[in-house]
Structure formats: structure tokens, C-alpha cells
Amino acid sequence: MNMKDYSNGVHPTWCPGCGDFSVLRSIQLAAAHLEIPREKMAVVSGIGCSGRISGYMNTYGFHSVHGRSLPVAQSVKLSNKDLTVVAAGGDGDAYAIGMSHTLHAIRRNVNITYLVMNNQVYGLTKGHTSPVSQVGLKTKSAPEGAQDTPVHPGLLALGAGASFYAQGFSAEQEELVELIKAGIDHKGFSLINIFSPCITYNKTNTYDWFRKHLVTCEQAGHDDPENLTSALSVLQETQGLMRGIIFRKTGEPTFEENHHLANNPPMIEVPLEPTAEKFQRWTARFRLDG
Amino acid sequence: MSWKRTILIGGIQGEGVASTGINLMKALSGIGYYTYGERKFSSRIKGGNTHIMITISDEPVTCVTSNINIIMAFDHETIDENRHLLSEDGLMLADEKLGMEDAAIVSLPLTKLAKEHGSPLMKNTCAIGFLGKMLDIDRGVLEESIKRSYQRKGEKVVNENMLVLHGAYTTQVEKLEGRKGIPVLSQSKQEVMMLMGNDAIALGALMAGCRFVAAYPITPASDIMEIMSRVLPDEEGLMIQAEDEIAAVTMCIGASYAGVRSMTATSGPGLTLMMEGLGLAGMTETPLVVVDAQRSGPSTGMPTRNEQSDLAALYHAGHGEFPMIILSPSTIEECYELTIDAFNLAEEYQCPVILLSDFNLSLSPQTIEAIRYRQPDINRGVIAVEKDLMEDNEDAFERYALTETGISPRVFPGTKGGIHKVTGLEHTVTGRPSDRKGNRAKMMNKRNRKFASLQDQNSLSVEEREGKILCLTFGSNWGVLKTTVKDFGLKVDIAHIARIKPLPVDQLKKLFSRYSKIVIMEQNQRGQLAGIIKQELGFHDKIISLTKYDGEAFRTKDVAAQLERWCNE
């Protein structure tokens, strides 16, 4: 299998040079490397430029509503554990309208991967402030510059108990492919925050800007992704401007394990027709001797 | 005519008033009586007044009576709030601990006996004892019922409760001597069950093969998620408590897309949040079952009071236009049957289905003839078979194929040859976004024609009583209406509607043409069902609204008075 097998040939709606192209290629490459059968993969996305990504995969794809990729992605996985489920969306999806879903998905630890294509601006609405817009970024909705403290995805995720948190950069595609593979391989919820520059509406956080500011885990002196204290402190020191696997905790029980689903057959295979014996059991409490 | 007695048990919330009533109902049901319990409680955990009003009869009961025969009070408020409802020969009983100095009130040593033989909380058992004795119920029956409900708490608690019960049965209360109990039953005992609407809905869902429930707690729908959280793990299913109602409904859409029958249950405030999900299910043609147990609105409204005011919003639910079904059960039995139907219809028509309940239907326990086991018909709708699938396994399966019926074959992720796209955007036959006008019109028309075959299915139940006028209603009002016309001997034909959307227009027209006056009875201010019917059918000059919106269920004597007036006009 190669990258092309995972492309449906639809030409993306993104601006030439958009960071999202690299994210799309990286998912396709990761799927090819992991040899995931096309029909066994489902990509679930939110709304915005990033949300279109599910439409370009030669796999099952569900383009949901703004902020809601995670509720759909989690239940798809819980309904059919044989699927590889990748949720994807933008910083508005993840850190504004869907923020609560992000935090609760982290807490649940369902075995899916979430890619946040973070460009720090609302592109599809034509240039509005995002919850991760840098203070001072001038947008159509903040002509004087954004004022609110930006959300810090790394500290937020680790604070909520993430079992896997990584950051990637569209311009570092090889690394991004490896991060996505590691995320998919991780048993539990993996969140990958990807700096994916918007070349049209964010003239501040450009490719060059990221090249200049982003450091690797190694450069930041963070050599053990299992070390939470170190992860938290480098995220703080770098103001989140780093890439690589920042935190990974193996052996953390997944939602499926906690809810006794791990050893069940996929839920879609459970027979629907109830037996008389089950009916007796379910109605026992309504009977007068129950 | 059948006889009826109504007992109201009231006290401080959190002290077991409702369970006392339910224990009594179970014991009575066990010896052949029919019971119906209407609960009143406040939106708080402990404190505040609560009561359960129980009507007992030799025939099925579907609502409480307007008057009360016995009030059993654990607090002052129970007497103050309800004594005006007492029948002429009615009796007020109160815990002597309350020190009620009122000649009309009989004080009983409820707390005293409870303390003597066990603990003060056993005053509930003590009350059951006095009531049982007064009603001439064999003590053994109550013993069994109390044993069952306390067995989990251990032998000591059971034994103490037995002593308290015995104490109540053997204590002589002068003012109660010589009072008649409830009439002895003549008919043979049927196998019965006692359940409330929410129980029946949960049971129906299980029977229909629902294996995934995502919900957010809300009164009066929470019982459904609670039951599912107990049962589903044993069925290799899952109840997931979502972070909000938006997540709950969207999770159900995901599960359903993946091929699992799923459901969420909520009430007005949650429903408002779920509008987004209804639209997504409508646009993506994903089956979805949502239970809406209505309560008083708007906003947080009165969370523990009855109302049927979500209907108008639901009928026009969501932005944009998409097909949706609204089913409206009016009895416990219908809660069970229509829930099974809801799952079939959702998959057959690939659209959201709302099961519209209300506070009183969802939360009023009732004795009914036992629901019998029958393998339900499970119709999963059109699902792609081998020949429909793409040999090359490319992303080109026509999930939204333009068929004559408007219904296109579904395929679940994981299926080879079925790869396609799903999107909340307008889309092509393979699910790719498209805003071309030709495609848009075709897709809108496709979705819109799905219900052609549903329109003819009967969804009205009519009971003819040589009436010149017809009274049509839905939900818990039906139980009140049915009882009203029977108890008051009214010559009014009555009907209830089980499917409000799509509205059975032809059936309604045919029915309405036979009457000069049609009363539409509903629990909201503006006559929402009447409004919908007028909008779809006309009949403006024939339709009159009978409404109530104070949070309390319709009462038979008020309904009778109003219907009589309209009959004689």
C-alpha cells in the first residue's frame, strides 16, 4: 500500500501552500505504513478548512458539525472496535466550540487519534480570531488585535490527564507521519496538535515564524516522554512552541477496558433479537415479586 | 361502575415518601387491584414537600381522581396543601409527632412506633401498616412486599420493619374503628406488572436491540439512562454519560452510522441543545431515536411539573428542512410498543425519530396487564448487499443513490466496497459536498419523498361513545380523558394521536368531517397541537382548544365540566 491508495483523487479546497496539505499526506502515509485496510479506517472531521480532510481520504469519512468530530469519532470506535478511527479538525473545533468534547475525550481515553490542525485563525470564515490566536493578532473580528490569553493546548491536555500528547509541524512531514503512526499505535486517546499555517489569514505565525520558534523535544532537553513533570515544564518554558512526542503514558486503562468492552465482540456484531430469557430478566423489576 | 379510592401520602422530600407509596401500590397490585401513582416533588434533594397520590380500583386506572379519600401526612404542608381535595367522607391521618391540633385529623403514632421497634425512618413502614389495616389488606401481603424492598439492607432492617408493621396492625385507633376497607375483588387475578413510562421506554429499546445509549441527566428522563446503565453492560452494549446533550445526541449519530441501534433521552432544555444533532441526522440520513420527556418550560421552567410544550419547537425542529418523525405514546403499553416502532422507523426511513413523552407519562407508576414476551419485528431498513458494493473498494459507493422511494441503501464502515462520504453539507450521491443547484433540488426532493409510504399508516385511536363532539389528545392526557368520559358518562367521542409528524392528514380529515366540534386537549398555553392541525388541515371553525399550563395534570372533574359545556352549546 502507498499514499495514493488512500487518496480519493478529490482536489482539496485549500489555498495553495496551506499547511493542511501536508497533514493530509501524512495521514495517508501513516495509513500506508501501518497497512490499514481502507475500509477499516474512518476519518471523522469537524467544520472549517480542516474539516474537509475526511472528504479527501479513500476511506470511510464523516464530516460532522463544527466542534463535534469527537462525539462522532468516539462512538464510531465504541460501536466497531475493529476500525481505526482518526478524528481531525481545526483549532476552533478543538479549543473553542468543541473544547468540552476535547477535555472529556481526553478523560475517557477511548482508543482513537485526534489531529488538531492548528493555524491560530479562523480561515474558512475569512479571517476571524481563534482561541489560540496570539495576543495582538489583528483579525476581522479583532481589528485592534486579539486580547484574550490564548489557550495552551499542551498544558490543557496534560492537565486533563492525556495519555498521549504530541505536537507536529506541517513543514516537518516525515516527523508528522511518525507522530500520527505513534498516535494510532497508542492504546488510548492520542491528541496531536499540529501547527499547520494559514498562508492567507495569519501573516504572523507563518512557516518561517514556526521554523524560527519551534524546538524539538531534544533541543528543549525533554528526553523522556513518560516524564510528566518534565513535559509540563518544557511546555511552559517554550510557551508550547515545541514538536515531537511530549507525553506518553503506556498502560493507562482505556475507556474500553474500564467499561468491560475490550473483550467483547465489536458492538455491531451483537445480535439484536432478544430471547425470552432476556425479556424475563429485563422485566423482573416490573413484576410484583421483583 | 367500578369503585375507586385515592390515597395521598406526603411528607418531607428524601424521607422515602415515594417508595412508601410504590410499596403499597405493589402490594395492592399483587392481590389483584389496579393502581396509578402521580408523583409531585420539587427540584431539590432533601427537604421541601413531596407527595404521591395513589388511585386504587378494581379496573385499570390511568389517572388519579380529582378528590382524595385518605391523606397520610408526615408533615404539615401535606395537610395544608391538599385538604381542600378531600372527599366528603375523607380522612386525614397525620404523624402524632406533628402535634396537629385539629379535630378533623387523626393522629397516628408513626414515628413513635418506628422508634420503638427500629428507627425513625421506618415511619414509612408504619404508615403502610395503618393504611393496610384500614384497607383490610392481609398483613402477610404487606410483609412480603416490605421484605422484598428491604432485603438488600440485611436481616436486621427487615426484622425491625416487620415489627413496626406488626405494631401498626395491632395498635387500636378509636377513630378508625368500623371504617370500611376497599371492596373485595370479584374477578380472578391477572398477571400484572407495575411500571412507569420511562421503564416501558427502556424495555422497548432493549427489545428493539438498542445497544448504545448516550445521555445527559435531566428530569424527567434520567430513569432511562439509569436503567440502561444497569442493563447494557450485560448485553455487550454501553450507556455513556456524555458531557452535554450535544455530545449525547452526536454520539448516538456516530453509533448509528457505525451500525449500532442507539438512543438518547432528554427533556426540553436538553432538546434545545439537540436541535443541531437532529439536523445532522436529517441531512446525513442517519437513523436516530431521541426520547423527549417533556416538562414545564421555557428555559429551566418547572423541572418537576407536567407540560407538553416542546411540540411546536419539535414539529419545526432545526434550521433548514428535513424529514423527521414524531411518535407520541399515550399509555404505558404504547411507550413500550412505540419505542420498538421508533427504532424500526428510524432505520427504515433513515431519519430522526422523536418519542414524545411527558412528565406524568414518564414518571407515573401504573399497574398494567403484564407485557408478554413476543419477538419484536426488527426492520433495519435497506442495507447494501454484495452486488451493490464496489468491486475495487474505491470511495464511490452511492450511499445517497437517487431512488424512487428516496431511501438509499446504507452501508456500515468496515464494509469492503462500501466506502463513501458522509457530510452535513449538501452532497452528491456518493456523499461529496456539492452546492450545485441541480443536485440540491434532487437531494431535497429525495429526502422529502421518503415518507410517502408512511403517510397511510394508521396513527389514530378513536373510542366512539355516540358523541356529537370529538376530543382529541396525546400523551398522559389520554388517561385523564378516557377516565373522564367513562366516570362522568359523557357522550363525547375521544381519540389520541400516536404519530404527530408526519401528521396523518387524510385520517384526521376523515375523522373530523363527522363532527361539528373538535376539542383538542393539550397541556400548554397556546394549543400547539391544535395549531399544527389547523396549519396542515384547516378546520379553523371546528377546532376548540382545551389547555392547561399550571404544571398540574388535567383533572377529570374540570375536563368533564368543560366538555359538558361544549356538548350543550
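Analyst: The buried residues of H1(A) are covered by elements that include strand S1 (41-45), strand S3 (84-90), strand S4 (113-118), helix H6 (173-185) and strand S8 (190-195) of chain A. Covering rests on contact, meaning C-beta atoms, placed from the backbone, within 7 Å. Helices (H or I, at least four residues) and strands (E, at least two) are DSSP runs, numbered from the N terminus. This is a predicted model: local features need pLDDT of at least 70, side-chain atom pairs count only at pLDDT 80 or more, and totals for chains, interfaces and linings use all residues. Residues are numbered from 1 along each chain as its sequence is written, with chains lettered from A and ligands numbered from 1 in the order in which they are written.

User: Which residues of H1(A) are buried?

Analyst: They are A:Asp20, A:Ser22, A:Val23, A:Leu24, A:Ser26, A:Ile27, A:Gln28, A:Leu29, A:Ala30 and A:Ala31. A residue is buried if 20 or more other C-beta atoms lie within 10 Å of its own, exposed if 12 or fewer, and partly exposed in between.

User: What span should helix H1 of chain A have?

Analyst: The expected span is 1.5 Å times one less than the number of residues, so the 15 residues of H1 (residues 20-34) should span 21 Å; the end C-alpha atoms are 21 Å apart, which agrees. Just after H1(A), A:Glu35 takes a positive phi of about 50 degrees.

User: Is A:His152 buried, exposed or partly exposed?

Analyst: A:His152 is partly exposed, because 16 other C-beta atoms lie within 10 Å. A:His152 sits in the loop between strand S6 (128-129) and helix H5 (153-159) of chain A.

User: And chain A overall: how many helices and strands?

Analyst: Chain A has 10 helices and 10 strands, and buried residues make up 54% of its 290 residues. Among contacts with a separation of 6 or more, 68% join residues 24 or more positions apart.

User: Switching to chain B, what are the domains?

Analyst: An automatic or database domain assignment supplies the bounds: domain 1 (4-183), domain 2 (195-369), domain 3 (382-454) and domain 4 (460-568). The centres of domain 2 and domain 4 of chain B, taken over C-alpha atoms, are 25 Å apart.

User: How many residues does each of those two give to the contact?

Analyst: Domain 2 of chain B gives 25 residues and domain 4 of chain B gives 22.
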